[in-house]
Amino acid sequence: MSFDQLYDLLDRFVPESIDWMVFTVTALILSLAVINAMVLCTALYTWFERRMLGRFQSRIGPNRWGPFGLLQPIADVIKLLVKEDVIPVVADRAVFTLAPVVLLVPALMVFIVIPFGEQSFLGKLNVGVLFILGVTGVNTLAIIMGGWASRNKYALFGAMRGAAMLISYEVPMALSLIGVIILAGSISLVDIVSSQGIFYILVQPLAFLVFMAAASAEMSRAPFDMIESESELGAGYHTEYSGIKYAIFQLAEFMAPLVTAAVATVVFLGGTKGIDPIPGQVWFLLKAFSVVFVLLWVRATWPRLRVDQIMGFAWKGLFPLSVINFFVVAVELFVLQEPDGTITNQSMMIMTGINWVVMVVSIVLIATVLGQGKLQHKLPPQPSSLANMAASEGD
Amino acid sequence: MAIKTEPITINMGPQHPSTHGVFRLRVTFDGEVVVDVEPVFGYLHRGTEKLAEERTYVQIVTLTDRLDYTASMSNNLAYVRSVEKLGGIEVPERAQYLRVICAELQRIASHFVSIGFMLQELGAFGTPLMYCFRERERILDLFEMLCGARITLSYMRPGGLIQDAPEDFWPALGILMESMPEYIDDLEGLVTSNEIVLARTRDVGIISPELAVNGSVTGPMLRASGVQWDLRKANPYEVYDRLEFDVPIGYQGDTYDRYLVRVQEMRESVRIIEQCIKQIPGGAIQSEAPFFVRPPVGDVYDAIEAPKGELGFYLVSDGGISPYRCKIRAPSFINLTVLRDMLVGWKLADLVVIFGSTDVVLGEVDR
Amino acid sequence: MYGLGMVRGMGVTFKNLVLPSRQFAVQYPNRKISLFELAKENDTDVVSFAINNPVQAIKALAGFVEVPVRLPQHSRFRGEEFTWYEQRCTGCASCAKFCPLGIIKIVTDTSGKYEQDGGKYDIEVFDIDIGRCMFCGLCVQACPYDALHMGSGFEEGVYRRDDLVIDVERLKAAPKKPSTWYRPQIESQNFDPQSDDMREYLDVGRHERPSQDQQVDRWAKR
Ligand code: SF4
Ligand code: SF4
């Protein structure tokens, strides 16, 4: 049900004079629904992630509580809620308490602009992409707040790393979306979906790769999970958190992949578009699910990069790649577009071909410039003369 | 304008996820860069050397299990070899072959643990660790067949082994050795050519050959620096002189080389075991050594190439049923000598990886 | 290079995800079983099982049916709950002496209560404090009369430390399932302590029990 429908429904029962109240009530009902749905989805997702990671690692994963362990998230939450909520004596209480909320709210806010159907709550927002970029930028603040307020050196390390990394990765993320915006000619998410004759993942593979890399950094997942790298910092910025605050941090953290998957689905995978008998929402879920699975797969496989390498990767790798991408797209659009500014599917096809070639060439180019070729030795190792077993056998 | 900065001192450990037990590093950071490291250990000290002075020679075998608990077999072997040398006890040939098989199986298991934990510290979310432990589990199953225990084995006795391998051990060993190269390939596919691993470990934490030799580093860490030194070849004990194997070395002694040397050593171990299966003769597995070994007065030092390096036991006998002094040369402990030289100048993230690649086991460091 | 190594790594993890032979974890102490396995255990096919016991079938589908698991273990497994044969034990206390931790406590009684059975000593106390035991098996190796054997179990959790002391009554009452560790004579009988059968004291000796004539012979020709 969209905002308008609900608004009309409620509007019938109240006098004209308190229209503003109807608006507020409608908004509240809808946000309540969205928040609850999202929290439930996240709970389900944590279960899925743990089972799947277990499977990847030849383990079983949680399977005790409920059918196939499905109730495990609920058990976890109950456990966290009944735990003592410790606030360190030296911590800055207000900031310490606020940080989890600041992290959770942006993740939830992104969802109101995702067009799940033809007409969803705020899907028609005409600055959708900007809204997403702006709102997700807030989590930098939350991480600094959490790390700084807990007065823990590990937390501070995590927070400082987080600040540097999250701000850097905003840039390639935004730049990778520019290619899409040029092509769609709009920054409204609904328009982006409807303009995808061919999914943009095919038209702009480079943008998709850059976006996924930047997004996994934004939500600090492997291989960019240095903010809370458990083998280095214990738990990073939320080292001191416990009880319900920790639960909220975890919630926000596990919601991030869902947010990313939703945005990627809308921007690159054609949102609700699909083959007809199956409703668009199912397509949307399927696509989001596959994005989530790939993220999970990456998490199960790759180790983590180092701090300076992560920053270098953003500025030396992703930044030029995204610039190349939108530059190429702009030139192609200039050449191929129809006189009235639209673009046919045929020209899209041509763009697709060019862009794949551009992707391979530019990745190889950037990797070579960054010195990938030096990584493997050619010659067999030479034994040092310091200890030579052959000599000791001789005497 | 220069910004005024201040170094941060952090106590890493004794409760820290990547200190391999209870090890404490007092690290001073300048931003993320390590400027000073001071290792503090002793949290797991159990006085093994002193305890050994009031145990009989056979009872000490149970103490050696607990030194390097990822490689009990090697510890057993090093200890019983010292006792045999001290008491002049002969070991039957079959026992020697079985000992070599056990020691090499243990080497594979220990290297799996070390590689797994190193990758865990690189941040690979548990996957390589689980794979490594999965393969290690198969080896532990074999040990359970041999001696009924999986970690604290106590399988060897002065003069041989406690018990011959059961019938079903040999087919199981054959199957494992057949599939082991495939498992190692799997692990290598996950790690060896992974660009992230390469970027994280190449040229990181270099030990030069000179430093390694001066710091009396042994084992894979020494060989990673390009120094071809392996007691199995340099001073062949048991039946190693009849077996064919190479001693892999690294290029320059960085973290990646230490990983590579371990992987290659596992392959060599498989080769050694396969030869042993072919060559092993029948016969007794225990010479008639008395339960209370009473070696003549004297002292002896004997060392073997344990998975972590040169593991030696120095025993002084006063003619009684227990040693007068038992000194253990623990490779993990001595390999830590170069820790500071490896770490200073690298970042926090490198610190845990370099420390992981040294493959220390705290049971052995603190003894 | 150029990221191909990373892609190869993803291939390896995917292989481990899909290949059933790479799944290694066992569930313990209970295992959840699917409807298919449940039907197989009841020797029927899925459909007829579901028709006959719909409740069980739905439970199994929802993943609620559990069966206990016994972990496979070798017959040499050095477990807790020592197996001890009072008929074989002479009270020589070799085991107590050889134990590195000194946790076996033996008190013998010469009152001759058991003389009619041919024994001279009566074992009054035989305490093994398995709370401190490390299951090294030296006591078993030391026992000259094959009276003490390692056990085969490992599920001995209790709530108090005192309960971990195995006393003589418990040793007598315990099921006689000796581990075959350092007992080649039992191993050669293909005895599996995990199975239901037990070993009586006559079966576990290292040697054939000498007959009366043999004993007389031996003593006469001394
Ligand atoms: S198993 Fe070892 S520690 Fe336990 S009672 Fe026997 S000798 Fe002592
Ligand atoms: S169990 Fe064996 S060693 Fe111990 S007292 Fe009895 S006969 Fe002697």
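This is a predicted model: local features need pLDDT of at least 70, side-chain atom pairs count only at pLDDT 80 or more; totals for chains, interfaces and linings use all residues.
I started at A:Leu81, which lies in helix 3 of chain A. I looked up the accessibility of A:Leu81 and got 47%, so the residue counts as partly exposed.

Next I checked what A:Leu81 sits with on the surface. I found a nonpolar patch that includes A:Leu81, A:Trp65, A:Leu70, A:Ile74 and A:Ile244, among others, with about 920 Å² of accessible area together. Which helix gives the most to this patch? I noted helix 3 of chain A, residues 72–82, with 5 residues.

Then I stepped back to chain A as a whole. I counted 16 helices and 0 strands there. Its C-alpha atoms fill a box of roughly 105 × 65 × 40 Å along the principal axes. Of its 395 residues, 52% count as buried.

On to charges. I ran the salt-bridge search over all chains and got 45. A:Arg50 is in helix 2 (residues 19–56) and A:Asp76 in helix 3 of chain A, so the pair ties together parts 26 residues apart in sequence. Buried or exposed, or in between? I have A:Arg50 as partly exposed at 32%, and A:Asp76 as partly exposed at 26%.

In chain B I picked out B:Arg325 with B:Glu49, whose closest N and O atoms are 3.4 Å apart. This pair links distant parts of the chain, strand 8 (residues 325–329) and helix 1 (residues 48–52), 276 residues apart. B:Glu49 is buried at 15%, while B:Arg325 is partly exposed at 29%. I also wrote down a salt-bridge network in chain B, with B:Arg107, B:Asp230 and B:Glu305 among its members.

Chain C gave me C:Asp162 with C:Arg160, at 3.3 Å between the closest N and O atoms. I have C:Asp162 as exposed at 53% and C:Arg160 as partly exposed at 48%.

Last, the ligands. Around ligand 1 I listed chain C residues including C:Phe82, C:Cys99, C:Cys133, C:Cys136 and C:Cys139. How many charged residues are in that shell? None: I have 11 nonpolar and 1 polar. C:Cys133 from this shell is buried, at 16%. Ligand 2 has 15 residues around it, the closest being C:Cys89, C:Cys92, C:Ala93, C:Cys95 and C:Cys143. That shell divides into 12 nonpolar, 3 polar and no charged.

With cysteines on the page, I searched the whole structure for disulfides and found 0.

Methods
Residues are numbered from 1 along each chain as its sequence is written. Chains are lettered from A and ligands numbered from 1 in the order in which they are written. Side-chain values use heavy atoms; hydrogens and water are left out. Patches are made of residues with over 30% relative accessible area and no salt bridge: like charges are joined within 9 Å, nonpolar side chains (Val, Leu, Ile, Met, Phe, Trp, Tyr) within 5 Å. Accessible areas come from the Shrake-Rupley method with a 1.4 Å probe; for residues, only the protein chains shown count as cover. A salt bridge is a side-chain nitrogen of Lys or Arg within 4 Å of a carboxyl oxygen of Asp or Glu. Helices (H or I, at least four residues) and strands (E, at least two) are DSSP runs, numbered from the N terminus. Buried means under 20% relative accessible area, exposed over 50%, partly exposed in between (1.4 Å probe, protein chains only). A residue is near a molecule or strand if one of its heavy atoms lies within 4 Å of it. Ala, Val, Leu, Ile, Met, Phe, Trp, Tyr, Cys and Pro count as nonpolar, Asp, Glu, Lys and Arg as charged, and the others, Gly among them, as polar. A disulfide is a pair of cysteine sulfur atoms within 2.5 Å.
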